[in-house]
Amino acid sequence: MEENAVIQEGNTPQGSAPVAYGEDNIRHLSDMEHVRTRPGMYIGRLGDGSQAEDGIYVLLKEVIDNSIDEFKMNAGKRIEIDINDHKSAAIRDYGRGIPLGKLVDAVSMLNTGGKYDSKAFKKSVGLNGVGLKAVNALSNRFEAHSFRDGEVRRTIFEKGVLKSDVTEKTEEENGTYIFFEPDDTLFKHYKFRDEFVETMLRNYTYLNTGLTIMLGGRRIVSREGLSDLLNDRMDYEALYPIVHLRGEDIEIAFTHSKQNGEEYYSFVNGQHTTLGGTHQAAFKKYIAEVIRDYSGKPHDFTDIRNGLVAAISINIQEPLFESQTKVKLGSLTTIPDGGISIDKFVGDFVKREVDNYLHKNTDVADIILQKVAESEKIRKEMATTVNCATAAYISPTPRASCARRVAFSSPRATPPAAASPKAAT
């Protein structure tokens with residue numbers, strides 16, 4: 001009886017009156033209240049900053065994404081970022097600045113923003129009109145200043161509620177300034193970790209050559225894009241110079257190293273898709289196909305990709321991400337302006353450009369095929385060892401091939417001595 005009571009706790013006992021449910025139970029939440037009540041819908045996990053996926057980094061990313069979109073529209077080549085005592089962040093870009101008359105709406109009203117207009121923003125990552133609003137709602141203090149043509153509008157919010165709104169003259173350059181201090185009642189004991197912030201910023205520069213990010217007065221820039229990313233991230237020396245190929249709205253870089261396994265970095269519209277997605281899957285498939293076709297041999301794809309370290313970045317007009325935090329590109333996404341699938345878009349580029357590269361750079365192609373042959377040999381030797389071990393477990397009398405393998409691979413085994421000259425005569 002006691003056990004039953006525990007199991008049914010919270011349920012209405014049989015025979016008792018149902019819980020009242022009337023019009024007073026139907027509530028409407030304002031935009032800011034909804035974000036604060038259901039933060040997981042907007043930024044995923046909360047966390048304390050000890051993991052790269054924690055919410056405070058999503059807040060930072062949402063602000064910077066807007067500045068990156070300005071850069072992509074050729075408005076502002078510098079972004080200045082300060083992390084104050086690991087507790088708050090200030091971001092200043094030198095783009096066009098949010099239109100002054102819409103500043104409050106742009107940072108506090110969901111489903112409001114300039115990214116719905118493809119003329120003002122092309123191939124942007126911020127499509128849902130949510131980013132800055134979530135940052136605002138989830139911050140103890142949030143400031144948004146917009147500088148446009150000699151005027152600045154300065155707004156201050158606390159937990160999404162407007163506290164101050166002033167417009168005045170200024171001599172500062174056009175652009176936007178955002179300050180936020182995450183709400184410590186939601187992000188308990190949080191702290192911005194330098195390593196996570198710097199990795200995020202370096203990813204932005206790898207994907208936006210020509211962009212300068214200043215972090216606390218320190219300059220972060222990339223001149224070689226995805227090549228710099230692979231050079232910075234590889235644990236082993238590359239077997240051949242990184243192959244770096246660019247096309248319209250697509251960029252790839254790859255090499256092989258002595259490491260086992262595969263390593264990929266994938267991006268959509270400058271957003272690091274940490275769980276991969278259609279673009280990464282297509283790249284993996286077609287890079288292996290191209291190398292196999294070039295070799296003229298039926299190599300296993302796992303042998304071709306063993307040791308591969310690669311990155312792919314694509315830009316599309318209307319990306320469909322798995323969640324608001326933009327971790328993975330949807331598998332059914334197509335490119336609206338071209339009307340083709342992501343798989344075909346990536347596949348056509350890889351098949352054409354990588355095949356051309358291999359035929360023009362046969363020295364690199366030879367190194368790749370040598371690496372593939374070595375991977376294949378090791379895989380087959382390991383498979384034989386496993387099969388022999390299994391056979392030995394099942395039967396005390398191993399097959400002849402296994403017996404030979406043991407005889408010549410065992411440290412105790414001594415190969416037969418070569419015949420001496422005397423024996424030969």
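**Close-up views of a predicted model**

**View 1. Ring pairs join Y57, F180, Y190, F192 and F196 into a cluster.** Rings of Phe, Tyr and Trp (its six-membered ring) pair if their centres lie within 6.5 Å; planes under 30 degrees apart are stacked, over 60 edge-to-face, and the rest tilted. This is a predicted model, where local features need pLDDT of at least 70 and side-chain atom pairs count only at pLDDT 80 or more, while totals for chains, interfaces and linings use all residues. Residues are numbered from 1 along each chain as its sequence is written, and side-chain values use heavy atoms, leaving out hydrogens and water.

**View 2. Y57 meets F192.** The whole structure holds six aromatic pairs. Y57 and F192 form an edge-to-face pair, 5.9 Å centre to centre with 75° between the planes. Y57 belongs to helix 4 and F192 to the loop between strand 6 and helix 7, so the pair ties together parts 135 residues apart in sequence. Helices (H or I, at least four residues) and strands (E, at least two) are DSSP runs, numbered from the N terminus. Both Y57 and F192 are buried; buried means under 20% relative accessible area, exposed over 50%, and partly exposed in between (1.4 Å probe, protein chains only).

**View 3. F142 meets F157.** The ring centres of F142 and F157 are 6.1 Å apart and the planes stand at 65°, so this pair is edge-to-face. F142 lies in strand 3 (residues 139-148) and F157 in strand 4 (residues 151-158). F142 is buried at 0% relative accessibility. F157 is buried too, at 1%.

**View 4. Helix 4 and what follows.** Helix 4 covers residues 55-72. Its 18 residues should span 26 Å at 1.5 Å a residue, and the end C-alpha atoms are 25 Å apart, which agrees. The expected span is 1.5 Å times one less than the number of residues. Of the 18 residues, 16 are buried. N74 follows helix 4 and has a positive phi, near 60°.

**View 5. Two loop residues with positive phi.** H189 is not a glycine, yet its phi is positive, about 55°. H189 sits in the loop between strand 6 (175-182) and helix 7 (194-207). It is exposed, at 74% relative accessible area. D249, also not a glycine, has a positive phi of about 70°. D249 lies in the loop between strand 9 (243-247) and strand 10 (250-256). It is partly exposed, at 21%.

**View 6. Charges over rings.** The charged end of R78 sits over the ring of Y94, 4.2 Å from its centre. R92 lies over the face of F147, 4.3 Å from the ring centre. A charge sits over a ring if NZ of Lys or CZ of Arg is within 6 Å of the ring centre and within 35 degrees of the ring normal.
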